[in-house]
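Subject: Structure handover

Hello,

Here is the structure I said I would pass on. My notes on its core and cavities follow below.

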Amino acid sequence: MDKNYKKKRGDRKDGRWVKDAPGLQTIMADLMPNRADCEVYLHDTIDCTELLKFLEKKNEGKTDEKMTLFHCVVTAVARMCMERPLMNRFVQGGRIYERNEISLSFVCKRRFTDHAEEALMVYKAKPEDTVNTISKTIIGEVRETRKSEHSTGGIDQVLDTFAKIPRPLLIPIVRIIRWLDFWGLCPDAITEGDPNYTTVLLSNLGSIKCPSVYHHLNNYGTNSIMVTIGTIHNEEILMEDGHKEVRKVVDIGATLDERIGDGFYFARSLKLIKHVCAHPELLERPLGENSGFDYK
């Protein structure tokens, strides 16, 4: 979003009202008010052979705090959102909005056990960020989170507090929150750090040896994109020159709100992510610097 933009009537605190959206999308926002009713699913296989070579060089000589495939995917998705502005939109209250910032969220397991608690984490993209700064940020936040087996603040503590409220009181409170959510009036104490209020919610299922899946969107909040990353595996691929080659690949699944864009725009956005993964040198360039990708 333009930093010089001045808030106008109809804008929310977390985004500006897009009044010039195509008529079809504008009408869809009223005809289909529930985000979960407007889900579009995309699935693709990303060749990560070159990306893994890149990571091997970056992690050479390191014994801990290594850069991972997930860090690279987060960077690629952040670049995509910065280069493809429609991907940073959301629908709430029957209107289409463009966010004030690009934010990516994910869940961190405090311990790899069945009953271990999960922590919610949010990364806010800045134009000057690269995979190096993003990796350090994620590693640092995960390390701090895993120092304790229980929530120590933020949205996790808010959720724990709400969970203790007796049901007869909780039901009307939730209804009030949903009303505030509709009008964009939810207090920051509730929305800050909540993945339901971020541009993209990512799930690194590969870290628990699970394939990518299609994950539903929530009607609550403003999140319009859900991305899951599967496990790295070998697959025979037909190369551009016509020969077949066994490459390292990873499956990626995405669920999107079709009211923020169309299938053509979504498909091109996915192609950009695949291009960045195939040319990992782009990851070390600032997010605000155009990738130069040819969308033809």
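For the lining classes used here, Ala, Val, Leu, Ile, Met, Phe, Trp, Tyr, Cys and Pro count as nonpolar, Asp, Glu, Lys and Arg as charged, and the others, Gly among them, as polar. Please keep in mind that this is a predicted model.

By those classes, the lining of the largest cavity has 12 nonpolar residues, 1 polar and no charged ones. This cavity holds about 110 Å³ of space. Of its 13 lining residues, Met 80, Met 87, Ala 254, Leu 270 and Ile 273 are the closest to the centre. Helix H3, strand S8 (225-238), strand S9 (244-257) and helix H8 (263-278) each give two or more residues to the lining, and H8 gives the most, with 4.

The count is 2 cavities of 30 Å³ or more. Among the residues that line the second largest cavity are Arg 12, Lys 13, Asp 14, Asp 181, Leu 180 and Tyr 197.

Now the cores. The largest nonpolar core has 55 residues, of which Val 77, Leu 104 and Leu 202 touch the most other members. Helix H3 (residues 69-83) gives the most to this core, with 10 residues. Not counting residues up to four places away in sequence, Leu 202 touches Phe 70, Val 73, Val 77, Leu 104, Ser 105, Phe 106, Val 107, Val 227 and Ile 229. Another core, of 6 residues, lies apart from the largest one and includes Leu 180, Ile 190, Tyr 197 and Tyr 220.

Regards

Note on methods
Residues are numbered from 1 along each chain as its sequence is written. This is a predicted model: local features need pLDDT of at least 70, side-chain atom pairs count only at pLDDT 80 or more; totals for chains, interfaces and linings use all residues. Side-chain values use heavy atoms; hydrogens and water are left out. A nonpolar core is a set of buried Ala, Val, Leu, Ile, Met, Phe, Trp, Tyr and Cys residues joined through side-chain atoms within 4.5 Å. Buried means under 20% relative accessible area, exposed over 50%, partly exposed in between (1.4 Å probe, protein chains only). Contact means heavy atoms within 4.5 Å. On a 1 Å grid over the protein atoms alone, a cavity is a set of points where a 1.4 Å probe fits but cannot get out, and a pocket is an open set with protein on both sides within 12 Å along at least five of seven lines; lining residues have an atom within 4 Å of a point. Grid points are joined across faces, edges and corners, and a volume is the space filled by probe spheres set on the points.
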